[in-house]
Amino acid sequence: MIIIHADMKVLPEKREAFLQQTQGLISASQAEEGNVRYTLMQDLNDANAFTMVEEWKDAAAVDFHNKSAHFQAFVAAAKELLAAPLQVNAFQDATKL
């Protein structure tokens, strides 16, 4: 299992556009065969800070997702929505090593 945390700092004036853009990304990603979980979390202390929490069955599922049209469209749109570059951390379930 691969777990990804994608941290995003959204421009305050683009918050609603960001939330709309993520709706399509989330539903399309959740429908992917290798997806276990794909959830957008909002920071409790900052209404413009979000983390996408993703769980994938394996690296092949992550690779498929990263090449998908819906993910590529989000990456392109994010350039106008984010106040800072996307920060991604990937983890492997250590109990499965």
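What percentage of the chain over residues 2–91 is helix, and what percentage is strand? Over that range the chain is 42% helix and 32% strand, and the end C-alpha atoms are 6 Å apart. Helices (H or I, at least four residues) and strands (E, at least two) are DSSP runs, numbered from the N terminus.

The model is predicted: local features need pLDDT of at least 70, side-chain atom pairs count only at pLDDT 80 or more, and totals for chains, interfaces and linings use all residues. Residues are numbered from 1 along each chain as its sequence is written, and side-chain values use heavy atoms, with hydrogens and water left out.

**Selection one: residues 2–91**

The UniProt annotation "domain: ABM", from an unreviewed entry, covers residues 2–91. UniProt positions are given in the numbering used here, feature names are shortened, and such annotations may be inferred rather than shown by experiment.

Four of them form an open sheet in the order 2-3-1-4, with antiparallel pairing. Strand 2 (35–42) and strand 4 (87–92) are the edge strands, each pairing on one side only. On average, neighbouring strands of this sheet are turned by 15° against each other, direction ignored. Two strands count as paired if DSSP finds at least two bridges between them. Axes are lines fitted to C-alpha atoms, for helices over the stretch in contact, and angles run from 0 to 180 degrees between N-to-C directions.

The pairings can then be visited in turn:

- Strand 1 (residues 2–9) and strand 4 pair in the antiparallel sense over six bridges; the bridge partner of isoleucine 4 in strand 4 is alanine 90.
- Strand 1 and strand 3 are joined by eight bridges, again antiparallel, and methionine 8 stands opposite phenylalanine 50 in strand 3.
- Strand 2 and strand 3 share seven bridges in the antiparallel sense; threonine 39 stands opposite valine 53 in strand 3.
- A hairpin of six residues joins strand 2 to strand 3.

Is strand 3 mostly covered or mostly open? Strand 3 is mostly covered, since seven of its eight residues are buried. Buried means under 20% relative accessible area, exposed over 50%, and partly exposed in between (1.4 Å probe, protein chains only).

Select residues 15–30. Helix 1 has 16 residues and reaches 22 Å from its first C-alpha to its last, close to the 22 Å expected at 1.5 Å a residue. The expected span is 1.5 Å times one less than the number of residues. Helix 1 packs on the sheet, touching strand 1, strand 2 and strand 3 (49–56), and its direction makes about 165° with that of strand 2. Contact means heavy atoms within 4.5 Å.

Next, show the side chains of Arg15, Phe18, Thr22, Leu25, Ile26 and Ser29, which are buried. The buried residues of helix 1 pack against strand 1, strand 2, strand 3, helix 2 (59–67) and helix 3 (69–81).

How many aromatic pairs does a search of the whole structure find? The search finds three. Rings of Phe, Tyr and Trp (its six-membered ring) pair if their centres lie within 6.5 Å; planes under 30 degrees apart count as stacked, over 60 as edge-to-face and the rest as tilted. Phenylalanine 18 and phenylalanine 50 form a tilted pair, 5.0 Å centre to centre with 40° between the planes. Phenylalanine 18 lies in helix 1 and phenylalanine 50 in strand 3, so the pair ties together parts that are 32 residues apart in sequence. Phenylalanine 18 is buried, with a relative accessible area of 0%, and phenylalanine 50 is buried at 4%.

**Selection five: helix 3**

The buried residues of helix 3 are Phe71, Phe74, Ala78 and Leu81. They pack against strand 1, helix 1, strand 2 and helix 2.

Methionine 41 is in strand 2 and is partly exposed, with a relative accessible area of 37%. Not counting residues up to four places away in sequence, methionine 41 touches Ala49, Phe50, Thr51 and Val53.

Finally, select lysine 57, in the loop between strand 3 and helix 2. Lysine 57 is exposed, with a relative accessible area of 54%. Leaving aside neighbours within four places in sequence, lysine 57 is in contact with Met1, Glu33, Gly34 and Val36. Lysine 57 and asparagine 45 are 12 residues apart in sequence and 31 Å apart in space, C-alpha to C-alpha.
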